[in-house]
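Please work through the following exercises with the sequence and the 3D structure at hand, and try each task before reading its solution.

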Amino acid sequence: MSQPKLSFQPKLSFQNVSRRFGEGDKSFLALDRLNLDIADGEFVTVVGPSGCGKSTAMNIAAGLMDVSDGKVLVDGRPVSGPGPERGVIFQQYALFPWLTVRQNVEFGLRIKGLPASERRRISDHFIGLVGLRDFADALPKTLSGGMKQRCAIARAYAVDPTMLLMDEPFGALDALTRVHMQDQLLDTWSRERRTVFFITHDVDEAVYLANRVIVMAARPGRLHKIIPVNLPAERNEDVRLSKEFTEIRNQVWHSVYHQKPQVEA
Ligand SMILES: Nc1ncnc2c1ncn2[C@@H]1O[C@H](COP(=O)(O)OP(=O)(O)O)[C@@H](O)[C@H]1O
Ligand SMILES: [Mg+2]
């Protein structure tokens with residue numbers, strides 16, 4: 001995993017982003033002045049206690065939620081809604097149940113107006129990449145949870161987004177499938193370089209995948225700490241079992257689970 005290339009303009013930039021839910025006394029500050037720049041081609045993971053505003057931050061970057069204050073820029077332009085350059089993957093497999101794996105993967109390509117032969121070429125590539133070649137004509141209800149999620153990932157990759165926004169995408173998978181999916185994601189990321197913003201509650205996953213781990217804190221939701229992951233570029237089992245990995249994992253664990261409470265101003 002090489003260092004992200006230096007660029008003057010961040011790919012994704014949160015500038016003093018706040019989000020409040022509700023009105024008056026009952027209102028709740030879900031995100032308090034988040035400032036964060038993510039470089040082009042960088043893989044960042046986001047961890048923090050439940051309710052610290054991780055999903056809120058991602059939904060704002062995805063253009064699915066408004067800010068209360070501040071702004072989010074993608075490639076220097078303010079986000080005003082969803083865009084094809086941002087692929088979004090949620091924990092629940094948001095597949096169209098009446099479409100086959102291939103039709104799901106080709107959905108965005110149809111909207112783009114690509115001809116059938118081109119759609120087929122692209123869907124073949126990504127269905128193969130996530131290991132679903134034998135299930136291309138299957139309906140989602142016949143697939144396991146892990147397979148559905150791999151289909152959702154293939155669909156997100158297929159439209160060729162320059163950025164992936166992923167909210168606990170492997171949360172529902174069993175441990176073994178999860179490790180396999182992590183390696184597949186890293187493999188894809190290193191071959192078809194994209195910027196990734198990846199939320200997880202799994203500290204090991206956060207360290208294994210990332211260039212930097214963003215630790216958030218709750219009440220109010222805010223940036224707590226940024227921990228660089230100086231591990232070898234190629235992540236594998238040796239890295240996962242190394243002393244260096246354990247040291248960073250412990251550092252992240254400590255900053256997630258031993259946060260001092262802060263009263264909302
Ligand atoms: N639509 C909403 N209306 C009211 N409160 C919300 C809404 N969405 C999120 N919240 C609150 O904002 C806080 C942050 O939520 P969220 O971003 O989902 O946290 P996380 O993903 O880190 O667990 C939580 O306390 C949650 O209850
Ligand atoms: Mg969440």
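**Exercise 1.** In what order do the 4 strands of the open sheet stand, and is the pairing parallel or antiparallel?

Solution. This is a predicted model, in which local features need pLDDT of at least 70, side-chain atom pairs count only at pLDDT 80 or more, and totals for chains, interfaces and linings use all residues. Residues are numbered from 1 along each chain as its sequence is written, while chains are lettered from A and ligands numbered from 1 in the order in which they are written. Strands (E, at least two residues) and helices (H or I, at least four) are DSSP runs numbered from the N terminus, and two strands pair if DSSP finds at least two bridges between them. The order is E2-E1-E4-E5, and the pairing is antiparallel. Strand E2 (28–38) and strand E5 (77–78) each have a single partner strand, so one side of each is left without a neighbour in the sheet.

**Exercise 2.** Find how many bridges join E1 to E2, and locate the partner of valine 17.

Solution. Strand E1 (residues 12–21) is joined to E2 by 7 bridges, and valine 17 has leucine 34 in E2 as its bridge partner.

**Exercise 3.** Which residues surround ligand 1, and which element gives the largest share?

Solution. A residue counts as near when its C-beta atom, placed from the backbone, lies within 6 Å of the molecule. Among the residues around ligand 1 are Phe21, Phe28, Lys54 and Gly221. Both E2 and H1 give two or more residues to this shell, with the largest share, 3 residues, coming from H1.
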